[in-house]
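Consider how two chains meet in a model. The paragraphs below go through the contact between them.

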2 protein chains.
Amino acid sequence: MFGLIDHVGVATDDLETAIGLYEGRLGMRLAHRETVDSHGVEAVLLDVGETHVELLRPLGEETAVGKFLARRGPGLHHVAYRTDDIERTLEELKETGIELIDAKPRTGIRESRVAFLHPRSTGGVLTEIVEPAAGH
Amino acid sequence: MFGLIDHVGVATDDLETAIGLYEGRLGMRLAHRETVDSHGVEAVLLDVGETHVELLRPLGEETAVGKFLARRGPGLHHVAYRTDDIERTLEELKETGIELIDAKPRTGIRESRVAFLHPRSTGGVLTEIVEPAAGH
């Protein structure tokens, strides 16, 4: 069903400091930066081989990541698994009884197609499914 | 410095239900199961391509994962990055000012060599460095 962990999402209220940590100290290459209005975040992707770290700064307190930060502070926010056919994967997950936050794929960072699964049905882990755009 | 995300660690108080979720519903192959006394956990590795999910059930309330569960409930516990030379990586991290929980590598699951970085210096993310044993 899944080819690889695609990325981990990390919530932060200070994107520049987080970039300094991941790029400057942990030696990851900054690959992409984008404001994803539909998800309420400014996001940065850094490469770890074929996988990524996705830094997430909320655009406001009322966004999902803003509420997460207020409740839990900065840290691991979600994990994303890669698929090459997101519609089929969502069908399969639904059939096994997984509760979907997104019944249909949405556009995510770098023109990927993404959907989130509800942590209620995934042991407390906010889980994302990603079909990367061609070339990524 | 890092070749790939090696795994995400997921804390659970019910390992069998978590295995049912990851193996049965998310379709991941159960690759390994081991009680790691030095880390205070019973742990299960599932394959996601070359990466893994590591399920962690604490052996007691006073273990690190036991305290995490009491404080935050089940969910994402840590992320681990893969290296092929853990001593060199720890040296490099120390030089950049990262605070190490383990100054020297310890033996982790499946005879890997591991070290943890302190979340105080990694933006609230408990971060592990892993040098897998030969063949994994």
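What follows covers confidence, then the extent and make-up of the interface.

The model is predicted. The predictor assigns the complex an ipTM of 0.96 and a pTM of 0.97. For chain A the average pLDDT is 97, and 100% of the residues score at least 70.

The size of an interface is often expressed as the accessible area lost when the parts come together. Here chain B and chain A bury about 3,000 Å² between them, and carbon and sulfur atoms account for 65% of that area. On the chain B side, the residues that lose the most area to chain A are B:R25, B:L26 and B:L76; together they make up 20% of what that side buries. In residue terms, the contact draws 37 residues from chain B and 37 residues from chain A.

Which elements give two or more residues to the side of chain B that touches chain A? They are strand 1 (4-11), helix 1 (15-25), strand 4 (51-58) and strand 5 (75-82) of chain B. Strand 5 of chain B provides the largest share of this side, with six residues.

Sorted by class, the side of chain B that touches chain A consists of 20 nonpolar, 14 polar and three charged residues. Between chain B and chain A there are zero salt bridges, counting a Lys or Arg side-chain nitrogen within 4 Å of a carboxyl oxygen of Asp or Glu. Polar contacts between chain B and chain A number four residue pairs, with both residues at pLDDT 80 or more.

Conventions: Residues numbered from 1 in each chain as written. Chains lettered and ligands numbered in written order. Heavy atoms only, no water. Contact = heavy atoms within 4.5 Å. Buried area = accessible area lost by both parts, 1.4 Å probe. Polar contact = N/O pair within 3.5 Å; in protein donor to acceptor, adjacent residues only side chain to side chain. Helix = DSSP H or I, 4+ residues; strand = E, 2+ residues; numbered from the N terminus. Nonpolar A, V, L, I, M, F, W, Y, C, P; charged D, E, K, R; others polar. pLDDT = per-residue confidence, 0-100.
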